[in-house]
Amino acid sequence: MSGLISGLMNNALSSYCLNSVTSISRMAMNPMNSIEVLGSLTQVRHRRANYKEDRNPWRGTQRYADKPIQKWWDWDGMGPYQYRAHYYPNNITLRDVQRRRIFKKHHYHRSKLQDIFYNDILPKEVQEKAMNEIINMPFDSSVIR
């Protein structure tokens, strides 16, 4: 961080000092602080596309509230499932095993759909169709879950 600020200070001061010789003496008498320099610089920020729009119709609802309980091995990644007898230290470990199983099963397809969605060359209809398929996939198929 200090390298960034010192680089900005050097660039701003060199451009400020090149305007006139009298500015050098003025800088020696009244040096600018870093806040003035950062405030005086005009930064170019490229606007990135915002993909975090509210397009999920299931947001804020219990999506699988009315789905019946499934057996552990038959669980499709959506809705509740019945725990099984295990020899893990606790149930959290069993749940992690289940999440990893669903991740392994669905992640490749989800990542390809995300590639389609984030590709800005494809038509919007194709991107929206890919997003709708991603929304209907299990949550545990995501990397960030």
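Is Arg100 buried or exposed? Let's work towards that residue point by point.

1. **What you are looking at.** This is a predicted model, in which local features need pLDDT of at least 70 and side-chain atom pairs count only at pLDDT 80 or more, while totals for chains, interfaces and linings use all residues. Residues are numbered from 1 along each chain as its sequence is written, and side-chain values use heavy atoms, with hydrogens and water left out.

2. **Arg100 and its partner.** Arg100 is exposed, with a relative accessible area of 58% (buried means under 20%, exposed over 50%, and partly exposed in between, using a 1.4 Å probe and protein chains only). Its salt-bridge partner is Asp96, with the closest N and O atoms 2.8 Å apart (a salt bridge is a side-chain nitrogen of Lys or Arg within 4 Å of a carboxyl oxygen of Asp or Glu). Asp96 and Arg100 are four residues apart in helix H4, so about one helical turn separates them (helices are DSSP runs of H or I with at least four residues, strands are runs of E with at least two, and both are numbered from the N terminus). Asp96 counts as partly exposed, at 32% relative accessibility.

3. **Arg99 and Asp140.** The count of salt bridges comes to four. In one of them, Arg99 pairs with Asp140, the closest N and O atoms being 3.7 Å apart. Arg99 lies in H4 and Asp140 in the segment after H5, so this pair ties together parts that are 41 residues apart in sequence. Arg99 is partly exposed at 35%, whereas Asp140 is buried at 8%.

4. **Lys67 and Asp76.** These two side chains also meet in a salt bridge, at 3.0 Å from N to O. Lys67 is partly exposed at 27% relative accessibility, and Asp76 is partly exposed at 25%.

5. **How H4 and H5 pack.** The axes of H4 (residues 91–118) and H5 (residues 124–135) come within 8 Å and cross at roughly 150° (axes are lines fitted to C-alpha atoms, for helices over the stretch in contact, and angles run from 0 to 180 degrees between N-to-C directions). That makes H4 roughly antiparallel to H5, a label for angles over 145 degrees.

6. **Who meets whom.** Among the H4 residues in this contact are Leu113, Ile116 and Phe117, and on H5 they include Val126, Ala130 and Ile134 (contact means heavy atoms within 4.5 Å). By class, the contact of H4 with H5 has seven nonpolar, three polar and two charged residues (Ala, Val, Leu, Ile, Met, Phe, Trp, Tyr, Cys and Pro count as nonpolar, Asp, Glu, Lys and Arg as charged, and the others as polar).

Technical notes. Parallel < 35°, antiparallel > 145°, perpendicular 65-115°, else oblique.
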